[in-house]
Amino acid sequence: MENKKQLPLRIGVGIILLNSKNYIFVAKRVDNPKNFWQMPQGGVDKGEDFLKAAYRELNEETSMINVELIKELDDTITYELPNHLLGIIWKGKYRGQKLKWFVMRFLGNDSEINIKTKKPEFCKWKWIELENITDLVVDFKLHVYKEVQKKVKKILN
């Protein structure tokens, strides 16, 4: 990639989904064979409201609809792709993502969760403690998850 900085950032949303025990929903991507897990996230369509995008992405990736908004986190958090993934992820259109994060509560029961969607992104899912979200994330998103973790701790305390 001759000039990474010329590529735009993809505008996206991330969802920190809490269950009744305040565990966080994470899932393992189908396109990464390593043991990396992530929270639901995805792109915002042109003209789409961030919150609507968050609900849509969550439903597309997990089939969940029984959720309520707890809080929209301030600001956005950006990450850049490592050079070896440029040109591969998002068909080479972006150098990274700028994410708006939402903390939500899952009100349904686990039987509602279905990751075998029309276009599956995940092969496994689980609930983990907030403390552990930084243990399983791919390295280029680590700073994002640390910041999200800090902000969610404040909300829960």
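Buried, in what follows, means under 20% relative accessible area, with exposed over 50% and partly exposed in between, for a 1.4 Å probe and protein chains only. Good morning, colleagues. The structure above is a predicted model, in which local features need pLDDT of at least 70 and side-chain atom pairs count only at pLDDT 80 or more, while totals for chains, interfaces and linings use all residues. Residues are numbered from 1 along each chain as its sequence is written, and side-chain values use heavy atoms, with hydrogens and water left out.

My subject is helix 1, residues 50-62; helices (H or I, at least four residues) and strands (E, at least two) are DSSP runs, numbered from the N terminus. Its 13 residues span 18 Å from first C-alpha to last, close to the 18 Å expected at 1.5 Å a residue, the expected span being 1.5 Å times one less than the number of residues.

Let me turn to the two ends. After the helix comes Ser 63, with a positive phi near 70°.

Which residues of helix 1 are buried? They are Ala 53, Ala 54, Glu 57, Leu 58, Glu 61 and Thr 62. Viewed down the helix axis, these buried residues fall within an arc of 130°, so they line one face of helix 1; the arc is that of the directions from the axis to the C-beta atoms. They pack against strands 1 (9-18), 2 (24-29), 4 (41-43), 5 (67-72), 7 (96-106) and 8 (122-128), where contact means heavy atoms within 4.5 Å.

Thr 62 belongs to helix 1 and counts as buried because its relative accessible area is 0%. A polar atom of the Thr 62 side chain lies 2.6 Å from the backbone oxygen of Leu 58. Leaving aside neighbours within four places in sequence, Thr 62 is in contact with residues including Phe 25, Pro 40 and Glu 112.

Glu 57, also in helix 1, is buried because its relative accessibility is 6%. Not counting residues up to four places away in sequence, Glu 57 touches Val 13, Ile 15, Gln 41, Gly 42 and Gly 43.

Terms used:
Polar contact = N/O pair within 3.5 Å; in protein donor to acceptor, adjacent residues only side chain to side chain.
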